Amino acid sequence: MSNSEIYTPNPERYNQTIGYNFCGRSGLQLPKISLGLWHNFGDVDDADEALKMIKFAFDNGITHFDLANNYGTPFGSAEKNFGKMLTKYFSSYRDEMIISTKAGHEMWPGPYGDGGSRKYLISSLDQSLKRMNIDYVDIFYSHRYDPNTPLDETMGALSDTVKQGKALYVGISKYPVEKANEAYRILKENGTPCLINQDKYSIFSRDIEKNVLPLAAENGVGFIGFSALAQGLLSDKYLHGIPENSRASHSYGFLQKSQIREELLVKISKLNDIAIQRGQTLAQMALAWCFQKDGVNSVIVGTSSLQQLKDNINALKNTNFSFEENWKISELS
Ligand SMILES: NC(=O)c1ccc[n+]([C@@H]2O[C@H](COP(=O)([O-])OP(=O)(O)OC[C@H]3O[C@@H](n4cnc5c(N)ncnc54)[C@H](OP(=O)(O)O)[C@@H]3O)[C@@H](O)[C@H]2O)c1
């Protein structure tokens, strides 16, 4: 990590390209692009680049940082490393930041380190707060639906984190639509309405358009998309092989080499041609495309370098698509 002790954020940080949307019917505004720390911020990653990305994000109006208990390799290291940066550089700016974390996937051994039980969620949030060295998170999510735990219990645990002052808002992620509906009802009854639903959304993953987005809108719940670049597939990087240091090249990442199939590369190449005609990179077009859909309040990007983050922010400079472009993209999605 860099040794420079003093960090003075850009005084113009709220007058940049980013822009903000209200999250559902809440009073909370989210930057159109949020930064996710799933990959690239763990102990196996480049700490200097990670710090540069966090500073650049904040300097450019990205106020929302998305984490989870198990982010980073090893699990927990993204929260720990982010916490160190917060303490060292951002402690005076905590009130300008939206920090989210989650619990729901496997985190520690035994029956209490996975799923949706009250036991797991509450102790996991306590651990996350310690790792990040903060008193509260802005958003605490149930990271996935757990069919083995009554939904009342999972939602009750989320609500109690708000009542205990450990979270300001709560959200759900990757819930089947009928369970999301139930979760919205229970959280409302508990007096802690669901702020946000987080789910996968990209040119290659459009399932949420049919039911998840309309249901969230009906309930006043915001929506934030993840993996808008399909973990990097929606960029030009894999068109000529698997570059060193790319996500697919690592043994520990979530994108497997086997996912990069020839028929997919044909589609990616055609999408790349459309992007070039628009004067954008494919990564930029893939991000810009997500903002056309009403109800998408923010998109979380994952970046492995400062340059990628800069490129992605510039995607917001052209989010208009012609009918013909949309038609061609739909044919390839
Ligand atoms: N709730 C959930 O279950 C869930 C699941 C997944 C993600 N998320 C959240 O969403 C965030 C983003 O997810 P993701 O990392 O899968 O998203 P993504 O944005 O689809 O993929 C990120 C990867 O794309 C590549 N990339 C990014 N910008 C690029 C650019 N301008 N040009 C070329 N390549 C570029 C980089 O790959 P290289 O590393 O190869 O350079 C980067 O690591 C996560 O950090 C997390 O916060 C949540």
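How many nonpolar, polar and charged residues does the shell around the ligand have, by class? There are 9 nonpolar, 16 polar and 5 charged ones, where Ala, Val, Leu, Ile, Met, Phe, Trp, Tyr, Cys and Pro count as nonpolar, Asp, Glu, Lys and Arg as charged, and the others, Gly among them, as polar. The model is a predicted one, with local features needing pLDDT of at least 70, side-chain atom pairs counted only at pLDDT 80 or more, and totals for chains, interfaces and linings taken over all residues. Residue numbers start from 1 along each chain as its sequence is written.

Confidence comes as pLDDT (the predictor's confidence in each residue, from 0 to 100). The protein chain averages 96, and 98% of its residues score at least 70. Helix H7 (residues 262-278) has the lowest confidence, at a mean of 97, and S6 the highest, at 99. Helices (H or I, at least four residues) and strands (E, at least two) are DSSP runs, numbered from the N terminus.

Back at the ligand, 30 residues surround it, and the closest are Gly36, Trp38, Phe226, Gly232 and Gly302; a residue is near a molecule if its C-beta atom, placed from the backbone, lies within 6 Å of it. Strand S10 (296-301) and helix H9 (306-314) are the elements giving two or more residues to this shell. H9 supplies the largest share, 3 residues.

As for the fold, 8 strands close into a barrel, running S3-S4-S5-S6-S7-S8-S9-S10 with parallel pairing; strands pair if DSSP finds at least two bridges between them. From one strand to the next, the twist averages 30°. Axes here are lines fitted to C-alpha atoms, for helices over the stretch in contact, and angles run from 0 to 180 degrees between N-to-C directions.

Helices H2 (residues 77-90) and H3 (residues 118-132) have axes that come within 7 Å and cross at roughly 45°. That makes H2 oblique to H3 (angles under 35 degrees count as roughly parallel, over 145 as roughly antiparallel, 65 to 115 as roughly perpendicular and the rest as oblique). Glu79, Lys80, Phe82, Gly83 and Leu86 of H2 meet Ser128, Arg131 and Met132 of H3, contact meaning C-beta atoms, placed from the backbone, within 7 Å.

Asparagine 133, in the loop between H3 and S6, has a positive phi, near 60°.

How values were computed:
Two residues are in contact if their C-beta atoms, placed from the backbone, lie within 7 Å.
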